[in-house]
Amino acid sequence: MKHIFKNIKELIQVREGPVSALVGEELKRLPTLKNAYLLIEDGIIADYGTMDNCPDVAVDRTEDATGKMILPAWCDSHTHLVYAGNREGEFIDRINGMTYEEIANRGGGILNSAKTLQKTSEEELYQQSKVRLEEVIGSGTGAIEIKSGYGLTMDAELKMLRVIQRLKENYTIPIKATFLAAHALPDQYSSDKRAFLRLMLEEVLPIVAKERLADYIDVFCEEGYFSVEDTELVLEAGKKFGLTPKIHVNQFNAIGGVQAGIKYDALSVDHLELIRKEDIASLQNSATMPVALPGCSYFLGIPYTPAREIIDSGLPLALASDFNPGSAPSGNMHFVVSAACIKMKMSPEEAINAATINGAYAMGLENEVGSISKGKKANLLLTKPINSYGVLAYAFGTNHLDQVYLAGEKWN
Ligand code: NIG
Ligand code: FE
């Protein structure tokens, strides 16, 4: 099956050869081809170039993209898309003045989501989650990571991971699964955190590994949740089962989670709304990707991750949605890219790089997706006629997409 796009106004994020994480100044450069063609063969990018070199090959389908642009679909490396119900009640409580912390302290927050999820059947959880997955694909996500962590019991954690597994089987979009072993402490363990960690690490983790239900391991390293010591315990256990860390750190307090992540070769450290000089220095000596989640900062009204400080220190940065019911109930990556430009002072080039190639790196998919490169999956976004790619970030809230393609096929 061959398929060619012709007369593409601008083909964005064109990279030859192996592509890895972009750091510092590299993020400023977004390579494009104007007046281009793109050839897809069996769902894979086979060739591209400018129209004056367009090959005269027999194809099954030709699409004219006059006035429109093509870019790789967004790579969303941090979501909690599998959850049950919602937390609209807490949203109203926050509007009326309560803080996220106060809500969590009265038993709301993650524990509230866990209570609902524990009562929801696996089939119902799958049905609710698939609606959200289809929604984010429709809005341009072409690779995604999904976490457990709203189960907090053996059965409910495994239920979440099995739902992620089923999504992996039923959708062509690459999905990575993360076992979020320590997200919050259930009430019945409030005086014995070690017992909860033993349950998750000695009983649940071996099953997760045996049934190959997760690619990564995660922990919420935060005051009032899990300490650096707890974090190291989780990451050490994950390592024994071959699970690489991707962890929640520095959301409300910087307590050393960055260093714990790096010590265990974390693929990414995510949130970083607060970042200390020593965190930047540690990241400079690592291959760990810092990940910013501006949708969470927007929704909770907390500081935005200091992208300028991170990038200007020569570090890489990825952008992700954090799609979850409590702190970021949206998986819309266009919004994430816009917010990164508007609130974090990233340029459109930096934000697009951070939400494609660097997002792919943050889930180990940099050889599969995230750029227009020969041999990569044709998970693509075809825009409506637009003036420049900067409009994607500038005109926030508008749907700029004409069509999403997964493996070269039209999505819906
Ligand atoms: O990434 N910070 C920890 N976990 C999630 C949200 C938790 C919730 O409120 O449900 C996050 O923001
Ligand atoms: Fe998260």
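Predicted model: local features only at pLDDT ≥ 70, side-chain atom pairs only at ≥ 80, totals over all residues.
1. Start with helices α4 and α5. Helix α4 spans residues 122–138 and helix α5 spans residues 154–170. Their axes lie 10 Å apart, at an angle of about 50 degrees. The two helices are therefore oblique to each other. The crossing of α4 over α5 is right-handed.

2. Next, the residues in that contact. On the α4 side they are Glu122, Glu123, Leu125, Tyr126, Ser129, Lys130 and Leu133. On the α5 side they are Lys159, Met160, Arg162, Val163, Arg166, Leu167 and Asn170. By class, the contact has 6 nonpolar, 2 polar and 6 charged residues.

3. Now the salt bridges. The structure holds 22 of them. One links glutamate 145 to lysine 147, with the closest N and O atoms 2.8 Å apart. Glutamate 145 is buried, at 0% relative accessible area. Lysine 147 is also at 0% and counts as buried.

4. Glutamate 232 pairs with lysine 263, with 2.9 Å between the closest N and O atoms. Glutamate 232 is partly exposed, with a relative accessible area of 22%.

5. Glutamate 278 forms a salt bridge with arginine 276, where the closest N and O atoms are 3.7 Å apart. Glutamate 278 is partly exposed at 42%. Arginine 276 is partly exposed at 26%.

6. Finally, a network. Salt bridges link Glu25, Lys28, Arg308, Asp312 and Glu350.

Note on methods
Residues numbered from 1 in each chain as written. Chains lettered and ligands numbered in written order. Heavy atoms only, no water. Axes fitted to C-alpha atoms, helices over the stretch in contact; angles between N-to-C directions. Helix = DSSP H or I, 4+ residues; strand = E, 2+ residues; numbered from the N terminus. Parallel < 35°, antiparallel > 145°, perpendicular 65-115°, else oblique. Left-handed = near helix turned anticlockwise from the far one by under 90°. Contact = heavy atoms within 4.5 Å. Nonpolar A, V, L, I, M, F, W, Y, C, P; charged D, E, K, R; others polar. Salt bridge = Lys/Arg side-chain N within 4 Å of Asp/Glu carboxyl O. Buried < 20%, exposed > 50% of the residue type's maximum accessible area, 1.4 Å probe, protein only.
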